[in-house]
Amino acid sequence: MRVLFFAWFCVVISVTSSISQDQAVLLQFEEEVVHLGPIEKGSLVKSHFKFINVSQEDVTIDFLSTCECTEAEWPTSAIRPGESGTIAFTFDSNKKEKEESIDLDVILQNVDSNGNPMFYYLSYDYSFGPQ
């Protein structure tokens with residue numbers, strides 16, 4: 001299953017690499033980067049990205065790609081114009097040895113004028129240390 005998902009992700013990334021930076025804004029995120037701050041090594045940390053559909057069309061998240069250290073949940077049904085949603089995630093710090101920024105790539109079923117899937121890049125960062 002992971003191989004199939006990885007293959008699908010590679011196809012989508014290769015297709016989306018030609019997308020213009022001028023894509024229409026469908027989702028407006030409160031934050032595109034979440035700073036978890038200092039966390040204790042070995043802890044599970046939960047956080048989220050809140051968004052609103054600012055477009056005039058339904059938006060559907062096709063899938064979300066991220067690191068093996070992160071479990072994410074997102075709305076599986078269409079987000080109607082004006083509706084809000086949340087992408088929740090749990091970071092497992094046991095799977096990391098050093099501080100870094102983790103990317104979450106949100107791929108939509110919605111396509112741009114060229115027929116390419118639209119996407120958003122989100123991320124979070126953390127440091128190890130006392131809370």
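Hi everyone, a word on the ground rules. Residues are numbered from 1 along each chain as its sequence is written, and side-chain values use heavy atoms, with hydrogens and water left out. Because the model is predicted, local features need pLDDT of at least 70 and side-chain atom pairs count only at pLDDT 80 or more, while totals for chains, interfaces and linings use all residues.

Let's start with the strands, which are DSSP runs of E with at least two residues, numbered from the N terminus. Four of them form an open sheet of mixed pairing, in the order β2-β8-β7-β4. Two strands count as paired if DSSP finds at least two bridges between them. At the edges stand β2 and β4, each with a single partner strand, so one side of each has no neighbour in the sheet. On average, neighbouring strands here are turned by 15° against each other, direction ignored; the axes are lines fitted to C-alpha atoms, and angles run from 0 to 180 degrees between N-to-C directions. Look at β4 and β7 for a moment: they run antiparallel and are joined by five bridges.

Now the core. By nonpolar core I mean buried Ala, Val, Leu, Ile, Met, Phe, Trp, Tyr and Cys residues joined through side-chain atoms within 4.5 Å. Buried is under 20% relative accessible area, exposed is over 50%, and partly exposed is in between, using a 1.4 Å probe and protein chains only. The largest core has 27 residues, and F29, L36, F49, I87, V106, L108 and Y124 touch the most other members. Several strands supply at least two residues each, including β1 (27-29), β3 (44-53) and β6 (84-92). Which strand gives the most to this core? That is β8, with five residues.

Beyond its neighbours within four places in sequence, F49 is in contact (heavy atoms within 4.5 Å) with residues including F29, V34, I87, F89 and L122.

Phe, Tyr and Trp rings (the six-membered one for Trp) pair if their centres lie within 6.5 Å; planes under 30 degrees apart are stacked, over 60 edge-to-face, and the rest tilted. That rule gives eight aromatic pairs. The rings of F91 and Y124 have centres 5.5 Å apart and planes at 65°, so they are edge-to-face. F91 sits in β6 and Y124 in β8, so this pair ties together parts 33 residues apart in sequence. Both are buried, F91 at 0% relative accessible area and Y124 at 0% too. F91 also pairs with Y126: centres 4.5 Å apart and planes at 35°, so this one is tilted. Ring pairs link F49, F89, F91, Y124, Y126 and F128 into a cluster.

Last, the charges. How many salt bridges does the whole structure hold? Three, where a side-chain nitrogen of Lys or Arg lies within 4 Å of a carboxyl oxygen of Asp or Glu. E97 and K41 meet at 3.8 Å, N to O. E97 is in the loop between β6 and β7 and K41 in the loop between β2 and β3, so the pair ties together parts 56 residues apart in sequence. E97 is exposed at 68%, whereas K41 is partly exposed at 37%. D58 and R80 meet at 3.3 Å, and K96 and E100 at 3.2 Å. K96 is buried, with a relative accessible area of 13%.

Key
Helices (H or I, at least four residues) and strands (E, at least two) are DSSP runs, numbered from the N terminus.
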